[in-house]
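Trainee: I would like to learn how to read the inside of a protein model. Where do we begin?

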Amino acid sequence: MAVQLVPLPLSDSVDRSKFDIQRFGKEVTGIDPGNLTKEEFKIIKEQLYKHDVLFRNVNLTAEQQHALVKAFDPTSEQYSHGNKKIDEAKKSVLTSLLRAIPRVPQVQLTGNGTVKDHEGIPELTMKHGHHKTFHKTSVSPEDEAKGVTRFFRWHIDGALYEFNVPKVTALYSIKVPKGPTQTVRYDDGTGDELHVPLSTTAFASGKIMFDILPTELKSVAVRAKATYAPRPFEWIRTARGIPTGLGLETEGLEVPLNELTPWREENVKTYPFVWKNPVTGVLHLQVIATAVREIHVDPLPEGVKRERALYPEGAHIKDLKDIRELLYRMQRPGITPSLVYPHPWAEKDLVLWNNRSLMHSVVGVLRDDHLRVVHQCNLAGSDEPLGPSEEDVLKWASGEELDPPP
């Protein structure tokens with residue numbers, strides 16, 4: 001059977017004029033992702049960087065999942081946070097959410113409920129990420145009983161310290177709980193809500209997030225870099241999230257740097273706000289707001305008009321409140337309900353995406369008897385994300401379309 005590619009079915013809530021049904025998401029049939037030929041992998045690699053892909057009714061071992069992800073970055077050996085390092089990191093907010101498969105530590109077990117004798121793990125009780133364990137405020141018990149919930153924490157997969165951000169993430173669904181849809185309430189004064197399937201993963205496009213920025217913020221985006229906190233998932237352990245899951249409250253509750261597990265300055269990561277797709281060349285706004293500790297903005301290029309420009313002479317922003325307000329202003333429009341894809345998981349779904357182009361979040365409330373079993377794989381990148389070119393900076397900093405270089 002030949003490889004077939006069809007647009008991913010999108011929910012009625014999605015704004016197709018911006019999501020572009022022909023560009024976001026392709027469902028792939030006719031091939032086995034666990035046993036790809038070189039030609040088949042070439043097709044899948046191109047489709048992933050252009051669209052991100054979904055396979056259904058897949059039988060996939062942990063070894064096959066690891067091999068598939070590694071094919072996108074052949075020299076990468078470590079899980080995104082280091083092999084088994086999350087299991088050993090008792091101070092990380094991720095410790096309760098992920099457990100390495102013993103024989104293939106690059107693949108993580110996550111989900112909800114209790115599993116026994118699973119892939120070499122004798123017994124494990126998993127907890128679905130619940131916003132009340134992270135946000136400053138939470139949905140009332142009465143509303144939660146009616147199916148009201150929130151996004152847990154918007155993020156890109158990666159340690160943001162020591163290891164480079166993964167190129168690709170693969171989520172393989174083994175068990176999916178059944179139940180009614182739930183309603184994500186943004187609780188930020190907008191009245192925004194989004195109806196989602198139970199135990200969905202929500203995705204937001206970094207391309208759309210950049211594309212819809214006003215001119216003055218596009219200029220900032222292509223000139224800015226984010227410096228992340230050392231050991232960021234320890235640093236945020238005692239801080240509290242905002243209701244949309246898109247950042248932190250500024251209350252001074254982050255763990256002091258001298259109380260973190262010993263860290264090294266050379267392992268601290270600084271990344272551009274905007275990452276360039278290596279196949280399509282388009283720009284994606286990719287910043288994990290919860291973990292940013294400093295922002296560096298380059299001055300406007302010589303000859304570019306400075307009227308109405310933000311930070312025309314550049315800036316070094318260290319105040320966390322200012323950092324978070326700027327990032328929220330830039331990113332919040334990109335998670336408006338019509339721009340979020342909530343994936344309706346089925347058992348044996350395999351979702352494979354460019355981790356350097358999408359943000360995602362755990363969503364919803366699950367009971368203890370709701371069994372959700374998922375295998376996650378992403379590998380620390382062999383290189384850093386590609387930032388905007390000089391031509392990109394000049395084009396977007398000036399707010400004018402320029403002819404492409406010869």
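Mentor: With a definition: two residues are in contact when they have heavy atoms within 4.5 Å of each other. Keep in mind that this is a predicted model.

Trainee: With that definition, which residues is Leu-285 in contact with, leaving aside its neighbours within four places in sequence?

Mentor: Leu-285 touches Gly-206, Met-209, Phe-210, Leu-213, Ala-221, Phe-273, Val-274, Met-330 and Gln-331.

Trainee: How do I place such a residue in a wider picture?

Mentor: Start from the general idea: in soluble globular proteins, nonpolar side chains tend to be buried together. In this model the largest nonpolar core has 59 residues, and Leu-285 is among those that touch the most other members, along with Phe-151, Trp-154, Tyr-228, Phe-273, Ile-295 and Met-330. Helix α9, residues 320-331, gives the most to this core, with five residues. There is also a second, separate core of 30 residues, including Leu-48, Leu-68, Leu-109 and Ala-170.

Trainee: What about empty space? How many cavities of 30 Å³ or more does a search of the whole structure find?

Mentor: The general idea is that rolling a probe the size of a water molecule over the atoms shows where empty space is left. Here the search finds three cavities of 30 Å³ or more.

Trainee: Which residues lie nearest the centre of the largest cavity?

Mentor: They are Leu-98, His-155, Asp-157, Val-362 and Gln-376, out of a lining of 30 residues. Two or more lining residues come from each of β5 (104-118), β8 (168-175), β20 (358-362) and β21 (372-378). Strand β21 gives the most to that lining, with four residues. By type, the lining of the largest cavity divides into 11 nonpolar, 15 polar and four charged residues.

Trainee: And what lines the second largest cavity?

Mentor: Its lining has 15 residues, and Leu-8, Phe-24, Asp-52, Tyr-341 and Val-351 lie nearest its centre. Strands β3 (53-55), β18 (340-343) and β19 (350-354) each supply at least two lining residues, and β19 gives the most, with three. The lining of the second largest cavity divides into 10 nonpolar, three polar and two charged residues.

Trainee: Is Phe-210 buried or exposed?

Mentor: Phe-210 counts as buried because its relative accessibility is 1%, and the cut-off for buried is under 20%. Compare Leu-371, in the loop between β20 and β21: at 31% relative accessibility, Leu-371 counts as partly exposed. Leaving aside neighbours within four places in sequence, Leu-371 is in contact with Asn-112, Gly-113, Thr-114, Val-115, Lys-175, Val-176 and Pro-177.

Trainee: One backbone point. What is the phi of Leu-160 and of Arg-231?

Mentor: Leu-160 has a positive phi of about 60° although it is not a glycine. Leu-160 lies in the loop between β7 (148-149) and β8, and is buried, with a relative accessible area of 2%. Arg-231, also not a glycine, has a positive phi of about 45°. Arg-231 sits in the loop between β12 (224-228) and α8 (232-235), and is partly exposed at 24% relative accessible area.

How values were computed
Residues numbered from 1 in each chain as written. Predicted model: local features only at pLDDT ≥ 70, side-chain atom pairs only at ≥ 80, totals over all residues. Heavy atoms only, no water. 1 Å grid on protein atoms, 1.4 Å probe; cavity = no way out; pocket = protein on both sides within 12 Å on 5 of 7 lines; lining within 4 Å. Points joined across faces, edges and corners; volume = space filled by probe spheres on them. Nonpolar A, V, L, I, M, F, W, Y, C, P; charged D, E, K, R; others polar. Core = buried A, V, L, I, M, F, W, Y, C linked by side-chain atoms within 4.5 Å. Buried < 20%, exposed > 50% of the residue type's maximum accessible area, 1.4 Å probe, protein only.
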